[in-house]
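This report goes through selected residues and elements of one protein model. Please keep the sequence and the 3D view open while reading.

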Amino acid sequence: MEYFAQHYDVIVIGAGHAGIEACLASARLGCKTAVFTINLDWVGNMPCNPSIGGTSKGHLVREIDALGGEMGKAADRFSLQSRMLNLGKGPAVHSLRAQIDRRAYSAGMKHTLELQENLDLRQAEIVSLEKTEDGLWKIKTKLEAVFTAKAVIIATGTFLGGRVYIGDISYESGPDGMFPATELAKSLKELDIPLRRFKTGTPSRVNRRSVDFTELEVQEGDEHTVAFSFDTDTPPENKVVCHITYTNEKTKKIILDNLHRSPMYSGKIEGKGPRYCPSFEDKIVRFADKKRHQLFIEPCGLDTEELYLQGLSSSLPEDVQLDFIHTIPGLENAQVMRTAYAIEYDCVDPTALRATLEFNDLEGLYGAGQFNGSSGYEEAAAQGLVAGINAALKIKGEKPLVLDRGGSYIGTLIDDLVTKGCTDPYRMMTSRSEYRLVLRQDNADSRLTPTGYKIGLISQERYDKFLLKQELIRKEYKRVSELSLPLSDTLNRILEDAGTAPLERGCKMLELLKRPQLTYELLSPVDENRPSLPREVFEQVEILIKYEGYIKRQEQQIKEMRRIEGKKIPKDIDYKSLKGLRLEAVEKLEKIRPENLGQAGRISGVNPADVAALNIILESL
């Protein structure tokens with residue numbers, strides 16, 4: 001029998017990476033919050049790779065941290081191995097990645113939620129969601145408890161309507177053998193929420209003691225590790241090594257001989273899979289001329305012997321999986337502990353959302369994470385943070401947080417989703433940002449910490465620490481700009497050893513640092529009065545000097561973008577009544593309801609002529 005249980009300001013459905021950031025942000029901003037999960041032991045679970053960060057994803061984690069989120073701090077606490085990717089390229093694409101102790105991370109995040117004031121962590125399956133006559137949201141659990149809230153955030157991950165596929169076998173399930181959320185999907189459809197089916201997958205796990213490591217390449221962590229969180233004082237230690245191996249022609253033959261048994265190729269799976277993280281059988285088909293594929297063998301934790309086979313995601317039958325795994329060097333006798341699977345799930349068309357992640361037509365209802373059509377823990381956490389902040393700000397009667405493309409990767413991620421939509425699980429990449437030289441991971445704090453402080457998620461102590469760092473950067477830049485280095489044999493020897501032209505007279509240190517071959521470290525023998533400063537201060541100054549011209553150019557582009565974004569579009573505008581717009585443009589503008597002229601111009605199907613016409617119309621209103 002249905003009974004009323006409790007009222008909250010904000011209710012979050014799901015305690016994965018999106019749900020965690022959403023409920024913490026809401027509670028920390030003073031809203032009475034509850035987060036519901038199907039199983040308390042799986043809070044912050046990593047059903048796929050137990051890692052955080054990576055190309056562009058490391059940027060997101062840094063930005064989450066700069067705004068006052070939790071993921072970066074937790075990743076630092078439970079890091080097993082840390083590596084900075086893309087160091088052979090420019091700083092715009094440097095990205096931190098850490099292998100994480102999976103179960104320790106989950107337990108640590110659960111404990112963080114349990115300790116948080118204003119937050120109740122509850123185990124229950126939500127089966128229905130509806131709007132009450134007085135404007136509240138009503139949710140009901142499977143045990144018929146009724147809760148109400150002013151705002152609800154849906155962060156269901158891959159649980160919503162989840163169905164697992166392994167060869168010919170399929171069954172309703174969430175990730176890792178958890179119960180799926182089937183009844184909630186029906187309730188959302190009754191609200192006319194535009195749902196569609198996506199798919200993702202995960203590789204097998206094998207027992208460490210059954211792996212022959214003599215056949216594998218060792219992959220060490222970085223000698224000098226870097227923390228994700230700007231608030232972490234001691235960089236994490238490397239506690240494990242990872243390994244690399246390769247598939248071969250035998251592996252490929254087994255896949256091709258059994259392709260008809262893959263549910264992806266037999267037509268059983270309808271959902272669209274991630275374009276940039278395909279299953280292994282898909283890689284074999286798409287890259288038919290490739291003789292081998294690289295695999296990474298990565299530990300799942302310090303207290304488990306499970307190893308993750310990155311790059312070997314599959315939905316082939318279990319017997320086929322065993323056959324092709326045993327063709328791989330080092331894995332000939334591997335004992336598979338968990339079978340790879342594909343999972344199909346319901347998610348929303350994100351163009352139904354605003355840039356605040358609130359639904360266009362359902363006030364007080366927000367979406368976050370894989371529910372919004374994205375893939376990845378980091379993308380989920382970023383959206384959860386924004387949704388949690390905006391739900392709380394709405395309840396407090398304050399202006400919402402809208403991050404634009406010129407200020408963050410998070411803004412780019414959300415703008416891509418709500419403006420352009422996605423036809424397959426969206427993955428963040430550095431190439432998606434037009435302003436990536438400005439939106440580096442190293443300066444995420446200077447871009448976003450003032451915003452986090454203004455909102456109320458950054459403490460005064462942390463903000464003072466941030467201001468001190470910015471002052472040190474300013475002073476060091478000034479010092480280097482004014483410092484003249486006299487001509488000397490030592491200086492010219494440094495230049496010649498670095499492969500750059502020697503000097504005929506003294507030179508400003510700033511001019512030398514502009515040379516790509518030279519660094520602070522190389523010039524330290526002739527920089528006698530170099531102050532003792534944190535490593536990141538020197539890093540920031542060096543980047544500002546080397547890329548000054550490019551940075552100024554992108555900052556000018558961002559300024560122009562924001563000028564266009566400043567041309568707001570009335571919420572109640574009737575596009576059908578406007579003259580000068582093509583029919584396709586009218587349909588797209590009506591559907592997405594852009595908030596400004598810049599966003600309108602990024603909608604697929606709206607061309608520059610439509611934007612120009614819309615601009616003229618707006619000026620006449």
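Asn443 sits in the loop between helix 11 (409-420) and helix 12 (444-455); helices here (H or I, at least four residues) and strands (E, at least two) are DSSP runs, numbered from the N terminus. The model is a predicted one, in which local features need pLDDT of at least 70 and side-chain atom pairs count only at pLDDT 80 or more, while totals for chains, interfaces and linings use all residues. Residues are numbered from 1 along each chain as its sequence is written, and side-chain values use heavy atoms, with hydrogens and water left out.

With a relative accessibility of 7%, Asn443 counts as buried (buried means under 20% relative accessible area, exposed over 50%, partly exposed in between, with a 1.4 Å probe and protein chains only). Its side chain makes a polar contact with the side chain of Arg447 at 2.9 Å, and the Asn443 side chain also reaches the backbone nitrogen of Arg440 at 3.3 Å. A polar contact is a pair of N or O atoms within 3.5 Å; within protein, one must be able to donate a hydrogen and the other to accept it, and residues adjacent in sequence count only if both atoms are side-chain atoms. Not counting residues up to four places away in sequence, Asn443 touches Val438 and Gln540 (contact means heavy atoms within 4.5 Å).

## Thr247 and its contacts

Thr247 lies in the loop between strand 15 (242-246) and helix 6. Thr247 is buried, because its relative accessible area is 3%. A polar atom of the Thr247 side chain lies 2.9 Å from the backbone nitrogen of His293.

Apart from neighbours within four places in sequence, Thr247 is in contact with Phe280, Lys291, Arg292, His293, Leu295, Leu312 and Ile328. Between Thr247 and Pro329 there are 82 residues of sequence separation, yet the C-alpha to C-alpha distance is 7.5 Å.

## The buried face of helix 9

Which residues of helix 9 are buried? In this helix (residues 318-325) they are Val320, Gln321, Phe324 and Ile325. Seen down the axis of helix 9, these buried residues fall within an arc of 130 degrees, so they line one face of the helix; the arc is that of the directions from the helix axis to the C-beta atoms. The cover over them includes strand 10 (163-166), helix 6, helix 8 (280-286), strand 17 (306-310) and strand 18 (336-338).

## Salt bridges

The structure holds 53 salt bridges, each being a side-chain nitrogen of Lys or Arg within 4 Å of a carboxyl oxygen of Asp or Glu. One of them joins Glu379 and Lys57, with the closest N and O atoms 2.9 Å apart. This pair links distant parts of the chain, as Glu379 is in helix 10 (residues 377-395) and Lys57 in helix 2 (residues 57-67), 322 residues apart. Glu379 counts as buried at 0% relative accessibility, and Lys57 counts as buried at 10%.

Lys591 forms a salt bridge with Asp349, the closest N and O atoms being 3.2 Å apart. Lys591 lies in helix 19 (residues 583-592) and Asp349 in the loop between strand 19 (341-348) and strand 20 (365-367), so the pair ties together parts that are 242 residues apart in sequence. Lys591 is partly exposed at 48%, whereas Asp349 is buried at 14%. A further salt bridge pairs Lys478 with Glu482 at 3.0 Å between the closest N and O atoms; both residues lie in helix 13 (residues 460-482), 4 residues apart, about one turn of the helix. Salt bridges also link Arg405, Asp415, Asp416, Lys420, Glu434, Glu565 and Arg602 in a network.

## Loop residues with positive phi

Asn86, a residue other than glycine, has a positive phi near 65 degrees. Asn86 lies in the loop between strand 4 (79-85) and strand 5 (95-100) and is partly exposed, with a relative accessible area of 24%.

Leu357 is not a glycine either, and its phi is positive at about 75 degrees. Leu357 is placed in the loop between strand 19 and strand 20 and is buried, with a relative accessible area of 1%.
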